[in-house]
Amino acid sequence: MRISGNIQKVIYESVTEAAFVKYSTVSTVSKNTLLSFNRPDGHNKKQNISKLARKVVPQLTKVELRQIKRYTHYSSPIVVSKYKLIFFWNEKVGCTYWKSLLQFIQGIKNKEVHDPRRNGLTYLIQFKDNDITDMMFNEAWIKAVFVREPRERVLSAFLDKGLNNSLMMDLCGRPSVKSFPEFLAVIKLCKDVHWSSQVKLPRHLYKNTIIGKMPDINKFSENLLTKIGAWNDTVKDWLHSKEQFGRTRHHATSARQKLLQYYNDTKSQDIIFEMYTDDYEVFNFDKKYFN
């Protein structure tokens, strides 16, 4: 048996052996290999590795953990423990829809959607680092992210935020912009979650993450909820209800229908391609120019 990597964490199932957790730099291990441990009483113990129940536990660095759980409840991924789901949502990507839906499947009857102090949702930042690591590498937990084509998302942010004087003062400390090109220049310097990159996980974790995209929101919702065991006629009827439509409609900017109006040259699109290189690479968005 070979161990990949230089350092592996060895964990033993019994309480006795748990006292002897250590890091090994052995590159090749056979069933007759002896491991040496320093006991709490100062004595040294050697034990044949074949007698130890051993498993390699993946680890996340502190930087990766901060990146995964994010810095506040207002941006942290949503955890639905009942269905073992970790949902990585993004601003300007149907977040009102998703928060409302995740409230509904948990029976949370709350008109507040966005305020984490009052919406009844659970966030990943509330969990301990060890638990987050276990959840991220545990196949029983479903990880899902929902994303939007960057050009459409930035345009939506412009229509919803950029033209609003009070919001721009809050977000960027400056008045509203006069044009879309001016907004593109502003967001290069003014960093905000509404137009930041949607790549918010270490890249290696996306291989075990279900990725949904805005044009497929209805089908993705059904597929995801079916996978976690939450899809039923009640959910289906609610999604098409007037209540849900009214809850999300006021956030709509119709950005998708206005793409050709604002991206009428290659220059503005090249700016987006450059600013959101990671999004296009990780989520495999098409870089074909609008025309």
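Q: In which sense do strand 6 and strand 7 pair, antiparallel or parallel?
A: Strand 6 covers residues 78–80, with strands here being DSSP runs of E with at least two residues, and helices runs of H or I with at least four, both numbered from the N terminus. Two strands count as paired if DSSP finds at least two bridges between them. Strand 6 and strand 7 have three bridges, and their sense is antiparallel.

Q: Before we go on, what sort of model is this?
A: Residues are numbered from 1 along each chain as its sequence is written, and side-chain values use heavy atoms, leaving out hydrogens and water. Local features need pLDDT of at least 70 and side-chain atom pairs count only at pLDDT 80 or more, while totals for chains, interfaces and linings use all residues, since the model is predicted.

Q: Which residue in the turn between strand 6 and strand 7 has a positive phi?
A: The two strands form a hairpin, with four residues between them. Across the pairing, valine 79 stands opposite isoleucine 86. In the turn, the positive phi, about 50°, belongs to lysine 84.

Q: Which residue of strand 9 is the bridge partner of phenylalanine 88?
A: Strand 7 also runs parallel to strand 9 (residues 142–147), and four bridges join them. In strand 9, the partner of phenylalanine 88 is valine 145.

Q: Which residues of strand 7 point the other way from Leu85 and Phe87?
A: In a regular strand, side chains alternate between the two faces of the sheet. All four residues here are buried, meaning under 20% relative accessible area with a 1.4 Å probe and protein chains only (exposed is over 50%, partly exposed in between). Pointing the other way from Leu85 and Phe87 are Ile86 and Phe88.

Q: Is the disulfide of cysteine 172 and cysteine 190 left-handed or right-handed?
A: A disulfide is a pair of cysteine sulfur atoms within 2.5 Å, and these two are 2.0 Å apart. The torsion about their S-S bond is about -90°, so the disulfide is left-handed.
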